[in-house]
Every structure is written in C-alpha cells, then in structure tokens.
Amino acid sequence: ESARSLPALASQYAGFAAWQSEWLPSVLEDQLAYWRSVLGEGGPAALDVPTDFVRPKVQSLRGASVAFEVSALDTRKVHEASKQAGATLYVGLLTAFGMVLSRNSRQETVCVGSPYAGRDDVTTRDLVGYFVNMLALNIDSSPLNVGFKALAGAREIVLGAFDHAAIPVFRIVDALGVSRDPSRTPLYQVVMSLNDGGYVVGRGND
C-alpha cells in the first residue's frame, strides 16, 4: 500500500511534544506531590538481593535472560485470585514478584519499575514516536500484607501510578532528591513488563 493511500494522521509527534511542554507545568506540582507521598523524600531504599559477584562500581547494563514457563493451572490460580480482589493478572503477577523480591532481600517494601505506554489519547496511537514512561511501583510485601490485602494494596499503587504517569521519571528522581549511585538505577533496580506473550522480568543493573 502506497503512502499516498494511507489516511492522514490527526496529529504529529511534534505537536504532542509541544502540547506536553505547555501542559506539564500546570500539573507538575500536584503530580510530584503524589510521587513524594508514595516514594518518600530521597526515594525508596535500593533493592539488596544476594548476588553471585561483587557489584561493579559502574553498572554496565550487560545482562542475560532465563526462559521458564508457568503452568496453565498456576496461571489460572493467579488470574482467579486477582479477579476476586478486583485486580488484573498484571497486578497479581506484580504482587507475587514483589513477595519473591521481599523474601530474598529481607525488605518489606520493594520498588519495581514498569513501562507505561503513554498513548492514552486516541490520537497518539497511530503516531511514530517515543511515548513510554517508566513507573516506580512501591509494593508492600510485609508479612502482614498477604492474600487479598496484598492484591488490593498493589492494585491501588498501580492505579495511582497510572493516574500520575505523565511526569517523566527523571523529574521524579530530581524532585525526590534521590542520591545518584553509578552502580544502580535510581528509584528501582528491577523492571517487570507484561505483554501478550507472557511476562518478562528484567534486572535494571548489574
């Protein structure tokens, strides 16, 4: 199909960028106030899980992947439990992942990064351009926060993050006064992403 036969776009990426630059200052303080309330001044504590090797002084971003499958039965159980708590499969997996990280790090609260598509406006869905923003999800995985209570808590964190997803993550890092450490990614050191083919979990640094 030739370019001439394609329908005209309702907007262009440059127009979106210009709109965002004008709109962002009007909501910046309210949005940042939310992130301060859930992440705290200075940001969440760095994730401290046991490692095989000494952490390098400067992260290289080199990594590897390990593929594994979750049975259909286990997937269905997570989906059903999430549904009973009024949550999605994504929230269920995020809750479980947070618990695994908590047990291994001995930290009751862990911060997980998650990509947000950023194409809420229907006019942006056909545009070529980078709209993705990273969200910092502070998940309470303390021993008293289990079962449906944990799912409900994670659901509220996710919904709150979606409602305040317009602020670029670097603005949040600056506003919270997060200490920069070249060996770690600020705010979160792990990322969880759910896609149609399953879920992918990647570490954010060495």
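The largest nonpolar core of this predicted model has 37 residues, and L39, L94, L137, I172 and L187 are the ones with the most contacts inside it. At least two residues of this core come from each of helix 1 (13-39), helix 3, strand 1, strand 2, helix 4, helix 5 (169-176) and strand 3 (190-195). Helix 1 supplies the largest share, seven residues. One of the residues with the most contacts inside the core, L39, is in contact with P44, C111, A136, N138, I172, L176 and L187, leaving aside its neighbours within four places in sequence.

The protein has five helices and four strands, which follow the pattern α-α-α-β-β-α-α-β-β when read along the sequence. Of the 206 residues in the protein, 34% are buried. Among contacts with a separation of 6 or more, 73% are between residues 24 or more positions apart.

Helix 2 (residues 72-84) has 13 residues, which at 1.5 Å a residue should span 18 Å. Just after helix 2, G86 takes a positive phi of about 75 degrees. A81 is found in helix 2 and counts as partly exposed because its relative accessibility is 27%, a value that lies between the 20% and 50% limits. Leaving aside neighbours within four places in sequence, A81 is in contact with F148 and L151. The C-alpha atoms of A81 and G92 are separated by 7.6 Å, with the two residues eleven apart along the chain.

G92 is one of the buried residues of helix 3. The same check on length can be made for helix 3 (residues 89-105): 17 residues at 1.5 Å a residue should span 24 Å, and the end C-alpha atoms are 24 Å apart, which agrees. Just after helix 3, R106 takes a positive phi of about 60 degrees.

The strands come next. Six of the eight residues of strand 1 are buried, so this strand is largely enclosed by the rest of the structure. Strand 1 pairs with strand 2 in the antiparallel sense, over eight bridges. S114 has L135 in strand 2 as its bridge partner. Strand 2 covers residues 133-140 and includes N133. N133 is buried because its relative accessible area is 10%, under the 20% limit. Its side chain reaches the backbone nitrogen of V169 at 3.2 Å. Not counting residues up to four places away in sequence, N133 touches S114, P115, Y116, A165, A166, I167, P168 and V169. Both S114, the bridge partner of L135, and V169, the residue reached by the N133 side chain, are therefore on the contact list of a residue that counts as buried at 10%.

Aromatic pairs give another view of the packing. A pair of aromatic rings is described by the distance of the centres and the angle of the planes. A search of the whole structure finds two such pairs. Y34 and W35 form an edge-to-face pair, 5.1 Å centre to centre with 75 degrees between the planes. Y34 counts as buried because its relative accessibility is 15%, and W35 is buried with a relative accessible area of 1%.

The other pair is tilted: Y116 and F162 are 5.2 Å apart centre to centre, with 40 degrees between the planes. This pair links distant parts of the chain, since Y116 is in strand 1 (residues 109-116) and F162 is in helix 4 (residues 147-163), 46 residues apart. F162 counts as partly exposed because its relative accessibility is 34%. Y116 is also among the residues that N133 touches, and N133 itself is found in strand 2.

Note on methods
Residues are numbered from 1 along each chain as its sequence is written. This is a predicted model: local features need pLDDT of at least 70, side-chain atom pairs count only at pLDDT 80 or more; totals for chains, interfaces and linings use all residues. Side-chain values use heavy atoms; hydrogens and water are left out. Rings of Phe, Tyr and Trp (its six-membered ring) pair if their centres lie within 6.5 Å; planes under 30 degrees apart count as stacked, over 60 as edge-to-face and the rest as tilted. Buried means under 20% relative accessible area, exposed over 50%, partly exposed in between (1.4 Å probe, protein chains only). A polar contact is a pair of N or O atoms within 3.5 Å; within protein, one must be able to donate a hydrogen and the other to accept it, and residues adjacent in sequence count only if both atoms are side-chain atoms. Contact means heavy atoms within 4.5 Å. The expected span of a helix is 1.5 Å times one less than its number of residues. Two strands pair if DSSP finds at least two bridges between them. A nonpolar core is a set of buried Ala, Val, Leu, Ile, Met, Phe, Trp, Tyr and Cys residues joined through side-chain atoms within 4.5 Å.
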